[in-house]
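Work through the exercises below with the sequence and the model side by side. Try each task before reading its solution.

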Amino acid sequence: MCGCMHSSRDQTLHLEGDPSLSAAPPSTLAPRKMRKSISISKQLASIKALKKGSDLEKAIASIALIFRNSSDPDGKLGKAIAKDLLQTQFRNFTEGQETKPKYKDLLSELDEHTENKLDFEDFMILLLSITVISDLLQNIWSVKIMN
């Protein structure tokens with residue numbers, strides 16, 4: 001665990017939602033009207049320290065915000081949500097990896113994770129591991145950077 005803690009303000013923002021939501025699994029809940037969420041770019045813009053932040057700082061902050069927006073009140077991601085984020089937010093890195101042994105091993109490790117949830121550190125390690133084995137990274141390395 002990385003020891004990261006949400007502030008009470010962050011917890012309040014994170015916990016905003018439908019108070020009538022029961023503890024039943026999502027598949028058994030009737031459809032409900034979702035509140036419109038604030039875009040990541042607007043959330044980033046609200047962080048004063050990032051106004052003049054580097055691209056790398058903004059990239060990491062984006063990952064942290066996506067994680068926080070998707071995590072439970074304890075700051076953890078369920079395995080199903082983590083897999084959904086990989087498919088929806090990281091698909092260009094995961095695309096075409098499904099048959100590769102290293103990718104299968106990573107997903108297998110995720111399934112075998114002793115806890116049923118990932119903290120931010122575990123999630124970052126998963127993202128970095130997938131990035132390193134991805135075909136997209138090879139394409140990025142081949143981008144011309146000088147004239």
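This is a predicted model: local features need pLDDT of at least 70, side-chain atom pairs count only at pLDDT 80 or more; totals for chains, interfaces and linings use all residues.

**Exercise 1.** Find how many salt bridges the model has, and state the distance in the one formed by K117.

*Solution.* 
- Step 1. A pair counts when a side-chain nitrogen of Lys or Arg is within 4 Å of a carboxyl oxygen of Asp or Glu.
- Step 2. The count comes to two salt bridges.
- Step 3. K117 pairs with D72, and their closest N and O atoms are 2.5 Å apart.
- Step 4. K117 sits in strand β2, while D72 sits in the loop between α3 and β1, so the pair ties together parts 45 residues apart in sequence.

**Exercise 2.** Decide whether K117 and D72 are buried or partly exposed.

*Solution.* 
- Step 1. Buried means under 20% relative accessible area, and exposed means over 50%.
- Step 2. D72 has 16%, so D72 is buried.
- Step 3. K117 has 35%, so K117 is partly exposed.

**Exercise 3.** Compare the span of α3 with the expected value, then list its buried residues.

*Solution.* 
- Step 1. α3 has 16 residues, and 22 Å is expected at 1.5 Å a residue.
- Step 2. From first C-alpha to last, α3 reaches 23 Å, close to that value.
- Step 3. Its buried residues are A61, S62, L65, F67 and R68.

Notes
Residues are numbered from 1 along each chain as its sequence is written. Side-chain values use heavy atoms; hydrogens and water are left out. Helices (H or I, at least four residues) and strands (E, at least two) are DSSP runs, numbered from the N terminus. Buried means under 20% relative accessible area, exposed over 50%, partly exposed in between (1.4 Å probe, protein chains only). The expected span of a helix is 1.5 Å times one less than its number of residues.
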